[in-house]
Amino acid sequence: MDSLNLDLLALETMKLGQSLGEEKTDDQMEFSLAFGQARHNSSEQTLASSLQVEQEEFKFVPDIIEASLQLPQSPGVLYRLLKGANTFIIRGIPVDDLSLLQDEVDEKNEDMAKLLRINEDEEWREVTYFCTKNQAVAEVLCDELINRRFPKEEDHLCNLSDPGFSWWMDQSDIHFNIYFQSHGVDRASELIQLGPLGDCQIASRRLDNLKMLLHQFLPISEMSISEKYFSVKTTTANDRFEMIRNLFLNGDDSWCDTFFASRHEYRTLYLYIKELAALRRLWIEVKAQID
């Protein structure tokens with residue numbers, strides 16, 4: 001083969017190599033583009049799957065409905081406090097067993113709603129209860145407090161001629177004075193408002209019996225009672241005096257059962273003190289809601 005033919009053969013071989021290289025490059029390009037698209041599609045699918053998992057994992061859960069009021073197996077008063085601009089009123093009923101009203105409360109019973117003056121479903125959240133020793137005490141609470149309208153700021157509305165409904169108290173470590181009716185002004189700044197704790201005539205008679213007992217176990221220096229006030233003063237501060245004072249301050253009657261256990265002749269006084277203490281505790285609870 002002469003040199004010309006060899007040169008032509010070499011030239012054709014080179015052209016063929018270039019052609020194959022170009023085809024390979026085009027194929028590689030097509031593969032790269034296809035692979036890139038596949039990776040893009042795969043990434044989109046992976047992202048979509050991830051988002052779906054996240055949505056399933058963190059999907060919105062509505063707020064849990066507030067649990068209904070759980071009523072205890074106890075005598076007491078089921079009540080609702082209705083608050084106005086300047087006054088409030090307590091709607092309620094005395095029962096021997098509060099738990100027996102559970103279904104009526106849960107089902108928003110229509111008759112119960114009328115008793116408690118409930119017009120909207122949201123107002124059922126305002127229903128609460130107060131436990132008592134027995135139904136008789138619950139009925140006393142209703143007689144004195146339920147379905148009565150009271151001013152939020154009694155001291156601002158009452159005056160010298162109208163003493164209002166509350167008992168008032170001043171006290172120290174060795175004395176206390178209970179005023180069944182106070183005709184003074186600015187009482188809130190000088191006295192403790194105890195609330196409407198009952199008829200002053202009945203109170204004076206019952207507490208007169210208590211006065212005789214107090215002489216037996218307290219170092220009394222002064223004590224007097226009338227239809228207007230009850231006053232006790234001891235010679236020194238002591239735990240027994242504090243128990244009696246706390247009966248009026250916070251409705252603490254925890255000492256009564258033991259104290260009256262062997263004093264059966266004072267049964268009426270015992271029952272009266274339990275009622276008085278319950279009235280004071282309920283009033284504290286109501287005022288806390290008002291304030």
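Entry 1. I looked up Ser 166 and noted that it counts as buried because its relative accessibility is 0%, where buried means under 20% relative accessible area, exposed over 50% and partly exposed in between, with a 1.4 Å probe and protein chains only. I keep in mind that this is a predicted model, in which local features need pLDDT of at least 70 and side-chain atom pairs count only at pLDDT 80 or more, while totals for chains, interfaces and linings use all residues. Residues are numbered from 1 along each chain as its sequence is written, and side-chain values use heavy atoms, with hydrogens and water left out.

I placed Ser 166 in the loop between helix H5 (154-157) and strand E5 (167-171); helices (H or I, at least four residues) and strands (E, at least two) are DSSP runs, numbered from the N terminus. Beyond its neighbours within four places in sequence, Ser 166 is in contact (heavy atoms within 4.5 Å) with Glu 154, Tyr 179, Phe 180, Gln 193, Gly 195 and Pro 196.

Entry 2. I then turned to the aromatic rings and found 15 aromatic pairs in the structure; rings of Phe, Tyr and Trp (its six-membered ring) pair if their centres lie within 6.5 Å, and planes under 30 degrees apart count as stacked, over 60 as edge-to-face and the rest as tilted. Phe 217 and Phe 259 make a tilted pair, with 4.9 Å from centre to centre and 45° between the planes. This pair links distant parts of the chain, since Phe 217 sits in helix H7 (residues 200-217) and Phe 259 in helix H9 (residues 256-259), 42 residues apart.

I read Phe 259 as buried because its relative accessibility is 12%. The rings of Phe 259 and Phe 260 have centres 5.0 Å apart and planes at 85°, so I logged that pair as edge-to-face. Ring pairs join Phe 217, Trp 255, Phe 259, Phe 260 and Tyr 270 into a cluster.

Entry 3. Last, I looked up the largest nonpolar core, which has 55 residues, and Phe 260 is among those with the most contacts inside it, as are Trp 167 and Ile 178; a nonpolar core is a set of buried Ala, Val, Leu, Ile, Met, Phe, Trp, Tyr and Cys residues joined through side-chain atoms within 4.5 Å. Helix H10 (residues 267-290) gives the largest share of this core, twelve residues. Apart from this core I noted another, of 13 residues, including Leu 101 and Val 127.
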